[in-house]
Amino acid sequence: MNIKELSQVLNAKILSNGHLSVEIKTTYVSDLMSDVLTFGREAELLVTSLTNRQTIRTVEMVEIPAICYTNGKQPDEKTIELAKSKKITVLATEFSTFQVTGKLFAAGLQG
Amino acid sequence: MNQIRISQSVIERIYEIPVEKIMRTDVVRVSPGAMMSELKYAVKENNYACIPVLEGEKLIGQISIEGYIDWLTSDLGDVPVSEIMDIKYKTLHPDEPVITAVKELELIGLRGLPVVENESEKFLGVICRCTMMEGVLAELDMNDKKEEQKDDCLFSNIQSSSALVTLSYIVKQKPLEYGGEISSSIRADLYKLGLPGSIVRRTAIAAYEAEMNLLSYAGGGLFTINLNEEILDMKIEDRGPGIPDVEKAMEPGYSTAPDWVRELGFGAGMGLQNIKNCSDNFKIESRIGEGTVLQVNINLEDK
């Protein structure tokens with residue numbers, strides 16, 4: 001699934017264009033950044049409802065190219081700027097984390 | 001054994017960078033009449049490299065760290081700098097390539113060399129071992145971003161096999177939400193040096209966990225990364241309160257983190273364990289009231 005398709009499935013706004021060509025196969029869902037750092041290393045997408053700068057730093061270190069914020073939450077401008085400077089794709093959706101997970105699973109993504 | 005590889009273009013650029021682009025110009029200088037006892041500050045400020053002795057703008061001598069230590073351990077007492085300074089020493093010219101500086105430092109085993117203007121001997125700055133790498137990386141950064149090539153040429157081309165590349169980073173105390181800035185630089189620098197992605201990623205993750213710890217508990221700290229062909233050795237030191245029970249702190253899930261740490265998605269008691277998991281060799285030493293030292297070794301050979 002590419003970023004365009006992802007944003008359609010989740011009815012999500014794209015707040016930062018990273019590498020738009022990235023292909024999402026595996027997703028990791030967590031609000032605990034320590035867990036993302038430990039277990040999320042194979043993912044191309046992080047789904048979280050935490051919106052601080054550390055979410056961007058975390059995906060930067062783990063090299064997850066895209067992040068999707070849930071529950072209608074959006075990070076502040078500075079966080080989006082940071083994501084842009086690191087070429088990380090940022091999406092935001094009104095759906096809950098549970099709904100997002102379900103939709104992505106139904107669309108065939110792996111955990 | 002797999003050797004580290006670094007981009008050919010990076011090496012060519014390192015060869016070409018003139019000394020003046022990466023020398024330190026903000027070093028402390030002294031006059032020949034200054035007293036040796038006044039040099040304490042200068043020694044530290046100049047990264048323990050060398051202290052230029054100037055008459056006007058002209059370099060007339062230098063105090064090397066070795067010379068300073070000799071004086072300290074001698075029974076000469078407090079004497080003017082002019083009596084101790086070296087007057088025969090190698091200098092660099094601003095237009096010489098960095099690789100010359102590397103070779104000279106390696107050859108004479110000194111920590112720093114003064115840079116002077118070609119004819120006039122006017123003092124311009126100092127090249128010192130410990131900030132040279134920073135300077136090179138900053139300079140590469142400026143001409144960079146055009147290309148991202150890897151795996152072209154041997155790392156050992158820029159330094160002799162015994163020499164290390166040393167990178168150091170200071171983590172200053174600041175709000176935790178800004179944590180990760182240093183790890184981000186470490187990550188970028190290691191990629192710039194052409195290390196493979198798997199190594200960089202493990203280093204970056206360990207560094208990031210450690211950086212968050214430094215900011216959460218220790219009021220900042222220091223990263224030192226030593227690299228040779230075989231191993232990446234990252235040391236993380238702080239002068240924080242120390243960890244009362246290291247064994248307990250290593251247990252997954254054990255945490256003393258306050259809420260403000262947890263709110264940022266950390267403090268779940270996974271940090272140290274995760275740092276260990278990223279390492280091939282991991283050591284932790286902590287003393288109450290003195291601080292904590294982590295040692296993270298990552299083998300550079302492919303497994």
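**Chain B sheet, chain A and their interface**

Let's start with the sheet. Strand 10 and strand 11 (residues 291-299) of chain B run antiparallel, joined by seven bridges. Strands here are DSSP E runs of at least two residues, helices are H or I runs of at least four, and both are numbered from the N terminus. One bridge links B:Ser286 to B:Thr292 in strand 11 of chain B.

A word on the source. This is a predicted model: local features need pLDDT of at least 70, side-chain atom pairs count only at pLDDT 80 or more, and totals for chains, interfaces and linings use all residues. Residues are numbered from 1 along each chain as its sequence is written, with chains lettered from A and ligands numbered from 1 in the order in which they are written.

Back to chain B. Its open sheet has five strands in the order 7-8-9-11-10, with antiparallel pairing. Pairing requires at least two DSSP bridges between two strands. Strand 7 (165-172) and strand 10 (281-287) of chain B are the edges, each pairing on one side only. From one strand to the next, the twist averages 10°.

Now the helices on that sheet. Helix 8 of chain B touches strand 7 and strand 8 (220-227) of chain B, and its direction makes about 165° with that of strand 7 of chain B. Helix 9 of chain B lies across strands 7, 8, 9 (231-238) and 11 of chain B, at about 5° to strand 9 of chain B. Those angles run from 0 to 180 degrees between N-to-C directions, using lines fitted to C-alpha atoms, for helices over the stretch in contact.

Next, the interface. 19 residues of chain B are in contact with 17 residues of chain A. Contact means C-beta atoms, placed from the backbone, within 7 Å. Helix 9 of chain B gives the most to chain B's side, with five residues.

What about chain A? Chain A has five helices and five strands, in the order α-β-β-α-β-α-β-α-β-α. Of its 111 residues, 48% are buried, that is, with 20 or more other C-beta atoms, placed from the backbone, within 10 Å of their own.

Finally, the largest nonpolar core. A core is a set of buried Ala, Val, Leu, Ile, Met, Phe, Trp, Tyr and Cys residues joined through C-beta atoms within 7 Å. This one has 66 residues; A:Leu46, A:Ile67, A:Cys68 and B:Phe223 touch the most other members. Helix 9 of chain B supplies the largest share, 11 residues.

Definitions and conventions:
Two residues are in contact if their C-beta atoms, placed from the backbone, lie within 7 Å. A residue is buried if 20 or more other C-beta atoms lie within 10 Å of its own, exposed if 12 or fewer, and partly exposed in between; C-beta atoms are placed from the backbone.
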